[in-house]
Structures are given as structure tokens and as C-alpha cells.
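Let's take a friendly tour of the aromatic rings in this protein. Have the sequence and the 3D view ready as you read.

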Amino acid sequence: MSPVQAAHEEEALGKAYDSRLMRRLLRYLRPYRDRVALAVLVLLAGAALQLVGPWITKLVLDHAIPARDHRLLAVLAGAYTASLLLAFALEYVQTLLTTSIGQRVMYDLRREIFGHLQRLELPFFDRNPVGRLMTRVTNDVETLNELFSSGVVTVFGDVFTLALIMGAMFVLDWRLALVVLAVLPLVALTAFAFRARIRDAYREIRLRLARLNAFLQERISGITVVQLFGRERRTADAFRAIDRDYLDAHLRSITYYALFFPAIELLSAVALALIITSGGSRVLGGTVTVGVVAAFLPYVRRFFQPIQDLSEKYNMLQGAMASSERIFRLLDPEAVPAVPPAPLSLPEPGRGEIEFRDVWFAYRPVEPAEGASHRAEGGAGDVEWDWVLRGISFKVAPGERVAIVGHTGAGKTSIINLLMRFYEPQRGEILFDGVPIHRVPIDELRSRIGLVLQDVFIFSRDVAYNIRLGRTDIDDARVRAAAERVGVDRIVARLPRGYQEPLGERGARLSAGERQLLAFARVLAFDPLVLALDEATSAVDSELEARIEQAVDTVLAGRTAIVIAHRLSTIRNADRILVLHRGELREEGTHEELLAKNGIYARLHELQFAAHGAPDAAVSNGRR
């Protein structure tokens, strides 16, 4: 198994029934308790109707025909027909009710999962592949839909049907009823063996489905790289192998089902044969009537059908328990502070002052070598961290434009990640207008900061939506004004439907530079107090860059700005430049002051000049 496959593996299935999980699942039925109660009543009524047909057959054979009573025969025939029509109506209502309950629960659960995913912090997505999360929202929820629509409610009908048929058989003739019961140990043994094997087959299906989803998500997202390097055939071969494993797992489960159902049918036939043999001899002996034997035959048929259904529902229940455990593990918080700090609100209208105080940050701890010390540098406990930022302290005054530069891996983007609270520092404190941001509600904090990233995400909807992102307080006039200030209106002018033109998945109809312009229009429409630019002009050509810089200069008037520089030419006019090196703040000053120091910044500038023959040429500093 490859490491990629291992990263997407599903957890092993737990026990077939977990009362704690079932109680939690049943909570989702509470809003629909009236529908559930009605569905149970309909199922019970349908189960009772299972008794009517054979009983009428007995009355016809034992009374109407021997007495040549045409009137009674007509009444019984009418009653039999009415029972069939009523059973059809009840089956129709039952199907509508149980299916609608399952669909509504699935709707509620998917909404809850999707809402929860949107609130999770970025470290969660670093640890959990998208393919696995897609499996949770789609396949695992679909498994629970089967439980609610075909399992948890209909099981009452199956159990009640078994009880009623068994009671009817004992009322008709207890000796023949015992003959039927003699077959049940073989039925139980067959069902037990089937469950043991289908459990393993089901586990294999879930594992291979997770691999399949993960492989598809990764390869389709990276289709450009696959095609660029000519890996289509190799990728197709890898997919064929994974898909074949998935097919084989399904075929194994189908094989078990193909063996189980004929086995139950065979045992049902054995029971019928025993009834015919025993009942026939007793009819000849005069101890039982033909009508009783005739009634037993359909009762035996109907008796084994719920047993088959219950065996299927056992496996459905097992899958639902596994799916619900995975879903609830996703929905449950990983760690909740014992005493969360009291939330604080930012001052209104706000000034846009930002301060980092001795901030230490790492994305992950170091995996220590055998025998290595675990002591943490920086005083962040006993864990040794792979520090990205080390003791960072600086202050950005309201309205000040500060640029951050440094080599690849210096920690530039990590500063933005911490400011936006995508991650939390292991040590130190970040303040926004004098308030520690870890105590500010995330929605309130992020509403004050506009962020433009190097990799712009564009939704498949139209231009206007991609600027306002569904906010109803941003009207069309505000959308157009933001677009005009950065030159997006020129792009819109060539689109057939203008601002209502769909842009395709990830903005496929736009170039990289045009997507960058649209991101600027988006952030301007939201009118933030602070603007953070993370190498936001790296994908823009010189003409577009000039238009963006002109618009940004206008927008930044009176705003605080933090700019991660990809091109040193874009930050010459910054009020202050921070130079990071290996996670530490090494230099600070204006462009001229830093050049005069002849330090790290001056070397970066010199490398740029040497590579491109001009001091303001672009130099790629990478990202962290």
C-alpha cells in the first residue's frame, strides 16, 4: 500500500451495535416524530394484514367449499381482495413515509456537517485529506439514509410480522408450528455465518471506496500536472488497479448475498416440505383439516421473509454504526478549553493598529530521533517544535504600510496566517487595536481585515457573486464601483453576460492575472480596515501590475497595510520594511535605510539586480 493510500484509509469497523451512537442518531428523528409514529402504525397495520390472506384461505377450504355456501365464498373472496388492496395502499404510504424521513434526516445531517466543516480551523484540513471528508459528507451520510429509510423504522414491522405469524401458527396448530421452529436453528447458523463474512467484505468496500475518492480528488485537481508531464497512461493504470480492487470487494459481497438468499429459500422449502409431509399425514389421520395445512404454507413463506430482511438490516446497522462513528468523530470538537477566555469586542470604529509580541509559531512538532531531547526552545512546553517564527515582535501603526520580505521559508506568510487566526501561536500574543485577537470572535476579527493571496480561489458562479460572495448588503452599484477601481470592468466588458457571466470552476475563463484583479475587487467591495497582501501581484504582468498598484494606492489611503513582497519594486514606497530570516526579524527600516545597512535586504536587492539587470526587477522570494 502506498503512503498516499494509507493517508486516506478508513478506520476499522467497530461493533455492530453501539447504544451510545444509536441514541445520538435517533435524535435526528425528533423533528419528525409525528411521521415516525405514523410510519410505525402503518407498518404494524401492514404486518397484521399478512395474517388475513392465509386465514381466509383456511375458511374457504374448511367452511365455504364443504358447505357449498356461495354467499360465504363471495364474502371471503371480497375480503381477500380488499385485504390485497389495503396492503397495497399501506405499502405505498409506508414507502413514502420512511423514504421521506430518511431523506430529511440526510438533508439535516449534510447541512450540519457542511456548516461544521466551514468553521473548522486550517490545521484540521492539513491533517485530513479532502477525499476522506468528501466520503463523510456523501457516502457515510447515504449509509445513514438507508438506516433511517429502510432500517430503524421498518425493523418494527419485521419483528411484529414474525410475532404475529408465529402466534397465528400456534393458534392454528401448535404441533405444525413446532415443525416450523425446528428449522430455525439452521436459519440462525446460516445468518451468523453470513454476517461474519459480509462484515469483512463491507470493511473492504469502505477501505477501497476511500482510496478511490482520494485518488480521484487528487488526480482531477492536479490534472494540469498530469498532462504536462505525460502521466496520463500511468495515472490511468493506477486508477484501474484501485477501481479493480473496489470492484472485487463488491463482487465478494455480492457472492455472499447470492449464497445467503438461496440458502434461506432452501430452508424455507425444507420447512414447507415438513409441513406438507407432517400436515398431510395428519389430514389423512383426521387430526387436522386441509384448510389449516393450506394456511400454514403461505405463513411459512411469509415467516422467512422478515428473517431475510432482518439479516440484511443487521449488516445495514453495522455499516450505519461505522459511518455514524466517523461522522460524529468529525462533528465532535477535538479539544475544548476547560475555561475558555471571555470574548472581547474590538473598539468601534477601529484604528487598524497591529502588534506582535514575542510570537513563536510552528506548524508541527519535530519528530525526535531516538534518544534525542524533547526540551522545547522558546519555552513552549516539553514538545520540541519545528519553529517557523521565533520571538517576532513589531508594531504597525494605524494607516501605516508595512512590507515583509525574506527568503523562501523565512516565515512571511505565517505572519498573515496568525493575524487571520488560521493558526494559533504556541507562545506570545497578537493584538488588534490593543485587544488580544485570541479573545476576539473570529468573524469580527476577519471582517476588519481584507486578504488577497497569491493563489486566488474563484467560484464557478458569475462575476458579481465572486465579488460580493453572496453578501446582500453589497449591492450592484458597490460591486461595479469596486470592479472599476481595479480595472475589472474592462474584463467584464468582453464577457457576453457581463457581471452575470459564469466563470467556470476555479475561474477557468479568466487568466491568472485577471483572477488576481477580481480578488482585489472582492476585497475592495468588502471595505476592510486593514489590507493584507500575500505576494498578490506575483501572477500579474507589468501592465496589470501598474493598474493594480494605482488602485491599491488609492484604496490604502488611511488604511493599515501589511504587504508580503514578491517583487521588491512594489515595496520601495512602503513606510517600513521588515526583513525576516529563518523565522527571526533581522532588519527593519525604509528602503533607503535598509540599503544603507548593507545587510540581508541589501543582498536581496543585489541578487535581484544581478539576475535581471535592474534594481527594480522582480525577484522570487517564494512562500511559506
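In this predicted model, the charged end of K58 sits over the ring of W55, 6.0 Å from the ring's centre. You can find a second case at F328, where R24 lies over the face of the ring, 4.0 Å from its centre.

How many aromatic pairs does the count come to? There are 13 aromatic pairs by the rule used here.

| Pair | Ring centres apart | Angle between planes | Type |
|---|---|---|---|
| F361 and Y363 | 4.7 Å | 75° | edge-to-face |
| F361 and Y423 | 5.8 Å | 55° | tilted |

Why is the pair of F361 and Y363 called edge-to-face? The planes of these two rings stand at 75°, and the label goes to planes over 60 degrees apart. The rings of F361 and Y423 have their planes at 55°, so this pair counts as tilted.

Where do these partners lie in the chain? F361 belongs to strand β1 (residues 354–365), while Y423 is in the loop between α14 (412–419) and β4 (427–432), so their pair ties together parts that are 62 residues apart in sequence.

F361 has a relative accessibility of 1%, so F361 counts as buried. Y423 is buried as well. Y363, in turn, is partly exposed, with a relative accessible area of 23%.

Terms used. Residues are numbered from 1 along each chain as its sequence is written. This is a predicted model: local features need pLDDT of at least 70, side-chain atom pairs count only at pLDDT 80 or more; totals for chains, interfaces and linings use all residues. Side-chain values use heavy atoms; hydrogens and water are left out. Rings of Phe, Tyr and Trp (its six-membered ring) pair if their centres lie within 6.5 Å; planes under 30 degrees apart count as stacked, over 60 as edge-to-face and the rest as tilted. Buried means under 20% relative accessible area, exposed over 50%, partly exposed in between (1.4 Å probe, protein chains only). Helices (H or I, at least four residues) and strands (E, at least two) are DSSP runs, numbered from the N terminus. A charge sits over a ring if NZ of Lys or CZ of Arg is within 6 Å of the ring centre and within 35 degrees of the ring normal.
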